[in-house]
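Please read it alongside the sequence and the structure.

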Amino acid sequence: MRCHGPGRMQFWFIALLIGIVGGAVAVGFRHGISFLQSLFYRVQDVERAAAAGTLPWWLVLIVPILGGLTVGLMMRFFSNTGRVQGVADVIEGAAMYDGRLRGKAGIASALASLLTLSSGGSTGREGPVVHIAGVISSWVSDRIRADGITGRDLMGCAVAAAVSASFNAPIAGALFALEVVLRHFAVHAFAPIVIASVAGTVVNRLAFGDVTEFTLSTATALEFYVELPAFLILGLVCGLLAVVLMRSIFWADATGDRIQEVTGLPNWIRPAVAGALLGLMAIGFPRIIGVGYETTSAALTGRFLFQEAVVFAVLKVAAVAITMGGRMGGGIFSPSLMLGALTGLAFGQVATGIFPAVSGSETLYALAGMGAVAAAVLGAPISTTLIVFELTGDWQTGLAVMVAVSTSTALASRAVDRSFFLTQLERRNVHLAAGPQAYLLSMFSVAKVMRPVGGAGSAAEEDCWDLVEEGVYVDANSTLEAAMPMFERANLTFIPVVTLGGEDSPPELWGALFQVDALKAYNRALAATAAEEHG
């Protein structure tokens with residue numbers, strides 16, 4: 001395997017092992033949060049205590065501050081960017097780095113997210129688990145010298161196991177890996193990913209039993225399907241709220257950057273400031289503490305009044321924006337589930353109040369809202385629908401969720417770059433949302449495609465220097481993404497490749513980049529991508 005990579009049976013066996021490890025990571029992360037929360041807050045079940053309002057106010061305030069300070073110091077020493085990594089980095093690693101993630105920063109991000117969720121951060125645990133699993137698959141890929149296709153498939157296996165173990169949902173876990181991370185449904189990836197997803201689910205069931213994450217009401221029947229138009233409207237509402245959630249996070253992140261520029265606040269202090277804001281919010285509204293599954297479960301069983309559901313939804317958006325904008329870590333999956341359940345419940349109470357004669361249960365709207373917001377945020381309508389379906393096993397419920405998910409995803413995908421994760425990458429100038437044709441050029445260095453000076457078929461040095469004097473050249477450290485528009489503007493067959501010296505040093509000529517060579521490299525990459533996605 002070290003010399004030639006794994007054979008098919010070996011690869012499937014590795015997929016099984018990664019599935020077991022991914023499931024164990026999800027279970028261990030969950031236990032780790034519970035242990036640290038009980039240690040920090042001095043109660044066994046923090047979410048129930050927060051819902052009951054029995055936590056001391058000073059503890060609610062101080063724990064997020066100390067947690068944020070620890071996260072900030074950790075990321076200062078172990079991350080070049082000072083940013084906690086997540087699912088967006090997994091997607092980027094799969095698309096552009098042969099299924100590899102950075103190990104050191106990945107481990108630090110996992111620990112930072114664990115501390116964030118244990119100390120009152122209002123984010124989710126599934127995203128960090130997906131990222132940890134991706135780091136593990138990257139380590140395995142490096143050990144067996146996996147090529148790009150194998151590395152991506154192994155990363156898909158790890159992600160599928162992490163998601164399926166988090167939700168006890170093997171079908172949804174497998175499809176999430178294909179739909180969100182690999183972003184294709186190639187046959188060669190399907191079997192190993194399913195194996196890993198099933199393995200992750202088995203690990204979860206051995207640890208927690210064959211139970212669903214939420215206990216739902218049984219009154220979920222649609223009243224002669226007359227309610228389906230209401231679920232279309234619910235989908236539109238959820239799509240709008242998903243956009244509000246995502247843009248709030250991006251606004252909070254940009255605002256944090258501006259405040260740092262104006263005040264000179266160090267990066268490592270930023271999470272502590274966010275922790276202080278969260279602590280102040282949690283004194284009055286302790287339900288924002290942690291993952292929020294207790295509040296989500298309460299919404300799905302109809303235990304909130306309309307006013308309570310609306311207030312908690314607004315507060316959750318603010319708390320998530322503060323946590324992520326403060327660079328504290330954690331994922332977006334659980335917050336989107338909670339926001340969707342609260343929104344659906346509030347909408348259902350209005351709908352069933354207006355049309356009581358033809359209405360079913362208001363909790364069905366909470367369930368559909370949960371799927372609709374999550375699908376719009378994640379950009380994963382198929383796997384999110386299946387996650388909700390696997391939580392219930394009720395196909396009529398599945399119909400309601402499908403209707404709401406379809407409209408919410410269609411609306412939200414036009415307001416952002418398809419999903420929260422792809423929009424995160426777009427903000428970093430990583431253009432994955434538009435497809436391979438948009439990002440493949442950035443994967444080729446000009447220096448690797450150019451024809452060197454004096455080489456076969458290279459341009460004459462005199463012609464190159466003439467163009468350099470006219471200001472037409474490309475830096476040797478650039479990629480084809482920067483070079484290709486220059487061919488269109490200058491209408492040339494080649495562009496000189498140089499490295500720029502200091503103020504008193506002349507540029508150094510390395511060679512010439514020919515348009516035909518750049519197009520050949522681009523076409524080969526497109527063909528390889530198409531072959532992988534349809535293989």
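Ser-197 sits in helix α9, residues 187–208. Helices here are DSSP runs of H or I with at least four residues, strands are runs of E with at least two, and both are numbered from the N terminus. The model is predicted, so local features need pLDDT of at least 70 and side-chain atom pairs count only at pLDDT 80 or more, while totals for chains, interfaces and linings use all residues. Residues are numbered from 1 along each chain as its sequence is written, and side-chain values use heavy atoms, with hydrogens and water left out.

Ser-197 has 1% relative accessibility and therefore counts as buried. Buried means under 20% relative accessible area, exposed over 50%, and partly exposed in between (1.4 Å probe, protein chains only). The Ser-197 side chain reaches the backbone oxygen of Pro-170 at 2.6 Å. Leaving out residues up to four places away in sequence, Ser-197 touches Ala-160, Ala-161, Ser-164, Pro-170, Gly-173 and Ala-174. Contact means heavy atoms within 4.5 Å.

Helix α5 spans residues 103–118. At 1.5 Å a residue, its 16 residues should span 22 Å, and the end C-alpha atoms are 23 Å apart, which agrees. The expected span is 1.5 Å times one less than the number of residues. In α5, 12 of the 16 residues are buried, so the helix is largely enclosed by the rest of the structure. Among the buried residues are Ala-105, Gly-106, Leu-114 and Leu-117. Their cover includes α1 (8–41), α3 (57–78), α6 and α13 (306–325). Gly-120 follows α5 with a positive phi, near 105°.

Helix α12 covers residues 293–300, and eight of its eight residues are buried. They include Tyr-293, Glu-294 and Leu-300. The buried residues pack against α2 (46–52), α6 (126–143), α7 (148–167), α14 (333–354) and α15 (362–378). Just after α12, Gly-302 takes a positive phi of about 70°.

Strand β3, residues 494–499, has six of its six residues buried. In a regular strand the side chains alternate between the two faces of the sheet. Both faces of β3 are covered. Phe-494, Pro-496 and Val-498 lie on one side, with Ile-495, Val-497 and Thr-499 on the other.

β3 runs parallel to β2 (residues 474–475), joined by two bridges. Val-474 has Val-497 as its bridge partner in β3. β3 runs antiparallel to β4 (residues 508–514), joined by six bridges. There, Val-498 has Leu-509 as its bridge partner. Strands pair if DSSP finds at least two bridges between them.

## Salt bridges

The count comes to 15 salt bridges. Each is a side-chain nitrogen of Lys or Arg within 4 Å of a carboxyl oxygen of Asp or Glu. Arg-125 pairs with Glu-126, the closest N and O atoms being 3.9 Å apart. Both Arg-125 and Glu-126 are buried.

Glu-532 forms a salt bridge with Arg-152, with the closest N and O atoms 2.8 Å apart. Glu-532 lies in helix α23 (residues 515–533) and Arg-152 in α7, so the pair ties together parts 380 residues apart in sequence. Glu-532 and Arg-152 are buried.

Arg-327 forms a salt bridge with Asp-253, the closest N and O atoms again being 2.8 Å apart. Arg-327 is in the loop between α13 and α14, and Asp-253 is in helix α10 (residues 228–263), 74 residues apart. Both Arg-327 and Asp-253 are buried. Salt bridges that share partners join Asp-253, Asp-257, Arg-270, Arg-327 and Arg-427 into one network.

Key
Polar contact = N/O pair within 3.5 Å; in protein donor to acceptor, adjacent residues only side chain to side chain.
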